[in-house]
Amino acid sequence: MFAIVDYDTGNTRNLMKAFNYLGIDNELTDDKEKILQAEAVILPGVGAFKAAMAELEKRNLVNTLKKVATNKTPILGICLGMQLLFDSSQEYGLTNGLGLITGSVEQIPDTGLKIPQMGWNQNRIIQNSPFDDINGQFTYFVHSYYANCDRRNIISAVDYGISIPSIVQNKNVIGMQFHPEKSGSVGLELLKTFQKMVKTNDFSSN
Amino acid sequence: MLAKRIIPCLDVDDGRVKKGVNFVNLTDVGDPTEISAEYQRQGADELVFLDITATNEHRKTMADIVESVSSQVFMPLTIGGGVHDVADIQRLLKAGADKVAINSAAVSDPELITKGAEKFGNQCIVVAIDVQKTAGKYLVHTHGGKKATDIDAIEWAKEVVKRGAGELLITSMDKDGTKNGFDIELYQAINKVVNVPIIASGGAGKVEDFTEVFEKADVDGALAASVFHFGELSINDVKQAVRKAGVVVR
């Protein structure tokens with residue numbers, strides 16, 4: 001079972017719908033035991049970093065998620081859920097994140113483009129991984145902040161004035177800045193790829 | 001770089017897609033979910049649904065439709081028509097909408113834009129503006145275009161963005177239904193004063209119209225209804241032509 005972490009964030013149900021469509025067993029839960037025992041943990045998120053961390057703390061899930069990562073259970077963070085995987089964010093004042101991937105979350109610099117980045121952007125691969133098929137494909141983004149992190153943790157990126165990581169990975173901890181559940185067949189394929197990685201425990205690529 | 005979006009718009013009346021959609025491979029031409037799935041296959045970048053019925057009863061139907069479409073179709077969905085308060089916005093977002101479009105209610109109660117943006121984030125609040133040029137001035141119309149106001153559309157666009165609109169869906173009533181191209185001047189004027197995505201609507205008739213509105217007015221998306229529904233143009237025709245002209249599309 002894939003545990004989708006329930007912490008009262010925006011549209012988690014669309015993510016559930018995508019997993020249901022793919023026939024991937026999933027459950028929306030904030031139950032620590034269920035999260036710790038899950039085959040994989042999905043961390044969704046829409047909204048602001050600070051409020052999201054506060055909500056996770058309120059439900060005593062911060063340590064649970066850190067434990068999930070140490071247990072080598074695969075974690076997939078999506079959109080704000082991806083940003084929470086990093087050390088900290090500058091959104092509404094410096095806030096600590098889960099610290100599962102080294103890096104900080106910063107505002108997309110003003111290069112004359114509209115912010116938030118909202119729409120379909122084209123991915124390019126930074127390093128080879130089971131997600132290689134994303135190369136050249138468009139996925140759907142809605143965000144004003146991005147992960148400023150080490151190149152060795154970047155699987156793919158898009159250009160939006162600067163290069164913005166679209167998939168990040170630190171072993172069993174993976175993040176997607178875009179919404180795979182809103183990225184048509186490409187997005188669904190990426191979720192299937194993640195499922196395959198979970199089944200075969202294929203997290204060796206970095 | 002972001003791709004320019006090609007967006008089919010579906011008018012929904014009592015749970016059915018109103019304008020007869022003309023895809024040969026659909027078993028039920030009025031079913032919103034089937035039509036949406038077909039548009040997903042064709043490569044649409046987003047779908048807009050407008051609830052054109054007036055009663056509350058039917059509005060619940062709209063949430064059911066969103067629930068059903070979002071279980072089968074995995075792209076951004078914008079829902080508009082009859083959105084009056086924060087509860088309406090919440091119901092549609094909960095059902096699976098990514099964005100909710102406010103039109104008449106934004107004019108009668110501009111606070112709704114701010115409240116919606118604060119509660120759900122700017123990115124999911126779209127303000128739809130119906131515009132007609134009268135005596136050289138772009139004026140806002142409400143109630144499905146039936147009611148004229150004396151509000152200047154360019155000023156209104158600025159105002160709604162200041163209040164928290166994350167996107168504008170601008171329909172040129174002068175161009176709507178004419179199939180002789182988008183109102184380039186209107187979009188140029190609005191794009192000069194706001195810094196949120198603009199969706200152009202009204203006037204699409206041929207592939208060149210899409211190229212023109214992207215190249216000349218630099219809008220973020222172009223919306224059309226009948227040309228897609230009746231199969232006069234396919235999403236793919238439009239994308240190929242636009243791409244050939246050097247515009248980035250998915």
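This is a predicted model: local features need pLDDT of at least 70, side-chain atom pairs count only at pLDDT 80 or more; totals for chains, interfaces and linings use all residues.
View 1. Residues are numbered from 1 along each chain as its sequence is written, chains are lettered from A in the order in which they are written, and side-chain values use heavy atoms, leaving out hydrogens and water.

**View 2. Into the second largest pocket.** The pocket holds about 1000 Å³ of space. A pocket is an open set of points on a 1 Å grid over the protein atoms alone, where a 1.4 Å probe fits, with protein on both sides within 12 Å along at least five of seven lines; lining residues have an atom within 4 Å of a point. The volume is the space filled by probe spheres set on the points, which are joined across faces, edges and corners. Of the 41 lining residues, B:D11, B:L50, B:I52, B:D130 and B:G144 lie nearest the centre. The largest share of the lining, 3 residues, comes from α9(B); helices (H or I, at least four residues) and strands (E, at least two) are DSSP runs, numbered from the N terminus.

**View 3. Where chain B meets chain A.** Look for 33 residues of chain B in contact (heavy atoms within 4.5 Å) with 24 residues of chain A. The two chains bury about 2300 Å² between them, 55% of it on carbon and sulfur atoms. In chain B, B:L2, B:F74 and B:R250 lose the most area to chain A, together 32% of what that side buries. Buried area is the accessible area (1.4 Å probe) that two parts lose on being put together, summed over both.

**View 4. A salt bridge between the chains.** B:D98 pairs up with A:K182 in a salt bridge, their closest N and O atoms being 2.8 Å apart. The count between the two chains is 4 salt bridges, each a side-chain nitrogen of Lys or Arg within 4 Å of a carboxyl oxygen of Asp or Glu.

**View 5. Two loops of chain A.** The peptide bond from A:I115 to A:P116 is cis, with omega near 10°, and A:P116 sits in the loop between β7 (101-107) and β8 (117-122). A:K171, in the loop between β13 (162-170) and β14 (173-176), has phi near 55°, a positive value in a residue other than glycine.
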